[in-house]
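Hi everyone, thanks for making time. I'd like to walk you through some charged side chains today, so let's get the picture up on the screen.

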Amino acid sequence: MAGLRESWRLAAMRTIQERALDLFDERGFAPVKIEDVAEAAGVSPSSIYRYFGTKEGLIVADEFDTWGQETIETVLDGRDPVGSLIEAVVAYEAPRTSAGDSVNPSADIPWRRIRYFFTEPSVRLAAQASLDRASQLIVPILASSAALSPTQARVVANSLAFGYFACLEQWYLDDRARPIAWYVEEGLRPLRELSQK
């Protein structure tokens with residue numbers, strides 16, 4: 001039952017996010033209110049606050065937000081954190097092979113969302129806060145599996161999280177010229193080379 005409930009919750013969140021993005025694309029981010037999104041999605045404003053917290057959360061939220069320490073430990077190889085990040089990005093991109101995927105209309109949601117990270121200052125701050133939370137979960141994994149000091153683990157975790165954000169920004173600035181995974185691999189190569197020395 002919990003699996004079915006979680007699937008329903010994720011489907012509801014995707015629907016709300018799609019309606020929000022439709023409104024933001026049509027009217028702009030600032031003029032749209034939570035009540036507008038609620039009406040378009042056929043839910044109450046309190047449901048939106050419960051699922052997303054803020055209007056910025058409508059843009060920033062994704063399935064990685066539900067990852068806890070255990071999930072991150074299964075995904076992140078502390079000896080090759082950059083390689084792990086690249087693998088996660090490739091796996092995330094796989095079902096979203098192209099914008100406007102006719103088989104899976106929600107496949108374009110990440111790409112529609114990312115644009116707002118770099119055009120709306122409040123969304124950028126919310127995205128960076130989310131990355132900071134992710135970084136805090138990565139620190140203990142790196143400290144234990146990569147034999148790093150707490151300070152080194154914190155620097156590497158933040159380099160991964162905010163380096164990933166910089167890769168997304170370059171991908172956006174290049175108008176999606178290549179897959180995000182290419183930007184992550186190319187952008188974080190110096191960090192990977194340092195960690196392999």
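Okay, let's start with D80. This aspartate is buried, with a relative accessible area of 18%; the cut-off for buried is under 20%, so D80 makes it into that class. Before I go on, please keep in mind that we're looking at a predicted model.

So who does D80 pair up with? That would be R192: the two side chains form a salt bridge, with 2.7 Å from N to O. R192 sits in helix α11, residues 189-195, while D80 is in the loop between α5 and α6, so this bridge ties together parts that are 112 residues apart in sequence.

Salt bridges link E18, R19, D22, D25, R112 and R115 into one group. If you're wondering how many salt bridges a search of the whole structure finds, the count is ten.

You'll find R113 in helix α7. Is R113 buried or exposed? Buried, with a relative accessible area of 4%.

R113 has a salt bridge too, with D62, at 3.6 Å from N to O. Here again the pair links distant parts of the chain: helix α7 covers residues 109-117, D62 is in the loop between α4 (55-60) and α5 (69-75), and the two residues are 51 apart. D62 itself is partly exposed, with 22% relative accessible area.

What else does the R113 side chain reach? It comes to 2.9 Å from the backbone oxygen of V60. And if we leave out residues up to four places away in sequence, R113 touches Q17, L21, I59, V60, A61, D62 and Y92.

One last pair before I stop. R27 and D36 form a salt bridge, and their closest N and O atoms are 3.4 Å apart. Here R27 is partly exposed at 43% relative accessible area, and D36 is partly exposed as well, at 23%.

So, to recap: R192 bridges to D80, R113 bridges to D62, and R27 bridges to D36. That's it from me, over to you.

Conventions
Residues numbered from 1 in each chain as written. Predicted model: local features only at pLDDT ≥ 70, side-chain atom pairs only at ≥ 80, totals over all residues. Heavy atoms only, no water. Salt bridge = Lys/Arg side-chain N within 4 Å of Asp/Glu carboxyl O. Buried < 20%, exposed > 50% of the residue type's maximum accessible area, 1.4 Å probe, protein only. Helix = DSSP H or I, 4+ residues; strand = E, 2+ residues; numbered from the N terminus. Polar contact = N/O pair within 3.5 Å; in protein donor to acceptor, adjacent residues only side chain to side chain. Contact = heavy atoms within 4.5 Å.
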